[in-house]
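Here is a short report for a first look at a protein model. Keep the sequence and the picture side by side as you read.

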Amino acid sequence: MSIETREKAVLRQLGNPADIDRELQSFRRGAKVLSSEHPRLIDRYPKQWVAVYRGKVKAHGRTFRSVLQQIDQKGLPREHIIVRYIDKNQRTMIL
Amino acid sequence: MLRGRFGDTSGRPYIEGRLILPRLKIRSDISFWVDTGADRSLLLPSDGMRMGIDYTKLTGDAESVGVGGVCHNYVEPVLVVFSEPRRFLYVYSIDLIIANPDPEIMDIQSLLGRDILNQWRMTYDPTKKRLTFQVISADVFVPLSP
């Protein structure tokens, strides 16, 4: 496959670039809550799973599945959500 | 230039992007853990399950070795997209490794490995909370209109 053909195939699968840019900017802004010191999620949701959408915690719970259920019950778009386990004593990762 | 961030409690480096799995018709935003130690990018179950991946439809068998031992994973052709706001989209066409759901790895985030990181120049400065990436190459550059 030539480079041009490959590029065209990628662009077809990509969708509208302006929409992607706008949505990724929103997603990135929302993700900053996971880097924020004020407020710190660890203070409110220790040892819990949280779902962050547009910079706000929209669901939380003790299990991953319960958080997914809450997301679906609230009709939130899974594709724009970050789900994280919040714990001060995280496992040490050596990858 | 792309910007990443450091996690508040973990201090781990992250960058947000979009993952497109054309065969499975899945498109989702994702927050990757930047991992220069990973040979290839890896989708972990917490993201895969959130996106609604049907693991019974996955194929391929990529063996990976970590500190915990050997794992057998699926392989799926995907697009990974990063945006430099209002300037460019950078698109990478890769074979993504997808880990099988397992309770032991649910709290690990998906990894952005050297299959993509080797095409960037990274500035990593946690003391100043600065994590940036200059894109050297991409499979497709998409200019964004002002």
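Buried has a cut-off here: 20 or more other C-beta atoms lie within 10 Å of the residue's own, while 12 or fewer make it exposed and anything in between partly exposed, with C-beta atoms placed from the backbone. Helices are DSSP runs of H or I with at least four residues, strands are runs of E with at least two, and both are numbered from the N terminus. An α-helix has 3.6 residues a turn, so residues three or four places apart point the same way.

Helix 2 covers residues 17-31 of chain A, 15 residues in total. From first C-alpha to last it reaches 21 Å, close to the 21 Å expected at 1.5 Å a residue. The expected span is 1.5 Å times one less than the number of residues. Helix 1 of chain A (residues 3-14) passes the check too: its 12 residues should span 16 Å, and its end C-alpha atoms are 16 Å apart. After helix 1 of chain A comes A:G15, with a positive phi near 95 degrees.

## How the model is read

This is a predicted model, in which local features need pLDDT of at least 70, side-chain atom pairs count only at pLDDT 80 or more, and totals for chains, interfaces and linings use all residues. Residues are numbered from 1 along each chain as its sequence is written, and chains are lettered from A and ligands numbered from 1 in the order in which they are written.

## Chain A as a whole

Chain A has four helices and three strands. Along the sequence they follow the pattern α-α-α-β-β-α-β. The C-alpha trace of chain A spans about 50 × 35 × 25 Å along its principal axes.

What is the radius of gyration of chain A? The value is 17 Å, whereas a compact globule of 95 residues would have one near 12 Å. The radius is taken over C-alpha atoms, and the globule rule is 2.2 Å times the number of residues to the power 0.38. Of the 95 residues of chain A, 25% count as buried. Two residues are in contact if their C-beta atoms, placed from the backbone, lie within 7 Å. Among contacts in chain A with a separation of 6 or more, 41% come from residues 24 or more positions apart.

## The sheet of chain A

Three strands of chain A form an open sheet in the order 2-1-3, with antiparallel pairing. Two strands pair if DSSP finds at least two bridges between them. The edge strands are strand 2 (56-61) and strand 3 (82-86) of chain A, and each pairs on one side only. Neighbouring strands are turned by 30 degrees against each other on average, direction ignored.

Strand 1 (residues 48-53) and strand 3 of chain A run antiparallel, joined by five bridges. A:V52 has A:I82 in strand 3 of chain A as its bridge partner. Helix 4 (residues 64-73) of chain A packs on the sheet and touches strand 1, strand 2 and strand 3 of chain A. The direction of helix 4 makes about 130 degrees with that of strand 2 of chain A. Axes are lines fitted to C-alpha atoms, for helices over the stretch in contact, and angles run from 0 to 180 degrees between N-to-C directions.

## A sheet in chain B

Chain B has an open sheet of three strands in the order 1-11-10, with antiparallel pairing. Strand 1 (2-3) and strand 10 of chain B stand at the edges with a single partner strand each, so one side of each is left without a neighbour in the sheet.

Six bridges join strand 10 (residues 120-125) to strand 11 (residues 130-135) of chain B. B:M122 stands opposite B:F133 in strand 11 of chain B. Strand 1 and strand 11 of chain B pair over two bridges. There, B:L2 has B:F133 as its bridge partner.

## Two lysines with positive phi

Most residues other than glycine have a negative phi. B:K25 has a positive phi of about 55 degrees. B:K25 sits in the loop between strand 3 and strand 4 of chain B. B:K129 has a positive phi of about 50 degrees, in the loop between strand 10 and strand 11 of chain B.

Are these residues buried or exposed? B:K25 is exposed, with 7 other C-beta atoms within 10 Å. B:K129 is exposed, with 11.

## Where the chains meet

In the contact between the chains, 39 residues of chain B touch 39 residues of chain A. Strand 4 of chain B gives the most to its side, with four residues. That side of chain B divides into 17 nonpolar, 11 polar and 11 charged residues. Ala, Val, Leu, Ile, Met, Phe, Trp, Tyr, Cys and Pro count as nonpolar, Asp, Glu, Lys and Arg as charged, and the others, Gly among them, as polar.
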